[in-house]
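Please find my notes on this entry below, as numbered points.

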Amino acid sequence: MPETSQDASSYQQANQAVGFLKDRLPAELQTPRVAIVCGSGLGGLASTIRDHPRAEYDYGSIPHFPKLTVPGHAGKLVFGFLGENIPVVLMVGRAHYYEGHSIHQVTFPIRVFKQLGVDTVVLTNAAGGLDPEYAVGDIVLLNDATKHIFLSGLAGTHPLRGPNDDDFGPRFPPLSDAYDLELRRHVHKAWRTVVDPQSNRRLHEGVYAYVGGPSYETRAECRMLRQLGADVVGMSTVPEIVVARHCGIRVLALSLVTNKAVLTPVPRGDDSILEGKDMKELDAILQKGKANHEEVLEAGRAAAIDMQQLVVRVVSNMVNQ
């Protein structure tokens with residue numbers, strides 16, 4: 001289906017998905033206030049939801065929802081209560097553009113959240129650290145002053161491309177207020193109560209660069225992104241943020257640094273440091289710092305407890321203020 005026709009019918013499709021869900025959801029779960037999108041390795045956030053009442057639906061059963069193919073992304077919506085009384089919906093795993101979905105399919109769940117009545121979305125992701133000061137396991141709060149770098153959006157692969165759906169938002173939405181200042185303040189307050197002062201894990205604010213994937217970035221691409229002002233790089237989140245703001249949904253976005261991007265150039269083929277090295281030693285030079293998806297998931301598991309507690313505390317504080 002052409003992307004333009006998908007976008008033109010997005011309001012109707014979102015309502016069809018919501019109708020499917022509300023026909024099955026218990027009455028007390030039909031109007032979640034907060035949506036939480038769980039990134040790679042962060043699906044454990046679903047364990048923070050109370051056991052009852054609770055409802056889960058595989059994406060494949062929901063009309064128009066994209067199907068997932070990436071390890072570490074379960075592909076289900078979980079409805080329930082966070083803490084004592086906060087109705088939420090968790091998106092355990094997200095669709096990615098590199099899987100072959102259109103940019104409109106990738107962002108479709110955000111429009112469903114809007115029609116469910118969600119007013120705030122918390123987006124989490126696993127990202128590569130470009131800032132040399134960032135360590136694996138650190139958390140980066142995307143901020144309003146520097147926002148994000150949406151390279152593919154600048155080139156025209158944009159979730160709002162095509163006829164504008166006025167039922168969701170304006171033709172030309174501003175993004176200068178994309179990252180809610182009050183929500184970021186809640187994160188800093190919660191951080192001081194959640195993370196052990198003796199922990200090496202740190203909270204930063206920085207710029208997220210969105211790339212299409214699925215290949216990890218070359219050293220030259222990492223250096224370019226860093227020179228453009230990016231602090232972390234990943235393959236999700238930004239299209240969802242654009243659609244959320246188009247819909248008038250408040251946004252909080254958190255990146256978990258799961259690997260350090262390699263910025264150091266490889267030696268030239270005639271570099272003297274290569275003299276006398278065998279094939280195994282040469283390969284070790286190239287492999288140093290190389291990212292892989294298994295390491296991303298493992299780093300996510302190691303930091304999952306702190307990330308879960310932070311999200312729970314932030315959502316509780318902002319709803320109960």
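## Notes on the model

1. The model is predicted, and the points below should be read with that in mind. Three bridges link strand β6 (residues 139-142) with β11, and the two run antiparallel. Within that pairing, L141 has L254 of β11 as its bridge partner.

2. Strand β11 also pairs with β5 (residues 120-129), here in the parallel sense and over ten bridges. In β11, V251 is the residue that stands opposite V121.

3. How much of β11 is buried? Of the eleven residues in this strand (residues 250-260), nine are buried, so β11 is largely enclosed by the rest of the structure.

4. Helix α7 (residues 238-246) is mostly covered, with nine of its nine residues buried.

5. T237, in the loop between β10 (232-234) and α7, has phi near 75°, a positive value in a residue other than glycine. T237 has a relative accessible area of 1% and is therefore buried, the cut-off being under 20%. Just after α7, G248 adopts a positive phi of about 80°.

6. H64 lies in the loop between β2 and β3 (76-82).

7. One runs from H52 to P53, with omega near -5°; P53 sits in the loop between β1 (34-38) and β2 (55-58). The other runs from G213 to P214, with omega near 5°, and P214 belongs to the loop between β9 (208-210) and α6 (219-228).

8. A190 is part of helix α5 (residues 181-194). Its relative accessibility is 0%, so A190 counts as buried. Which residues does A190 touch, leaving aside those up to four places away in sequence? They are L310, R313, V314 and N317. A190 and V315 are 125 residues apart along the chain, and their C-alpha atoms are separated by 9.7 Å.

Technical notes: Residues are numbered from 1 along each chain as its sequence is written. This is a predicted model: local features need pLDDT of at least 70, side-chain atom pairs count only at pLDDT 80 or more; totals for chains, interfaces and linings use all residues. Side-chain values use heavy atoms; hydrogens and water are left out. Buried means under 20% relative accessible area, exposed over 50%, partly exposed in between (1.4 Å probe, protein chains only). Helices (H or I, at least four residues) and strands (E, at least two) are DSSP runs, numbered from the N terminus. Two strands pair if DSSP finds at least two bridges between them. Contact means heavy atoms within 4.5 Å.
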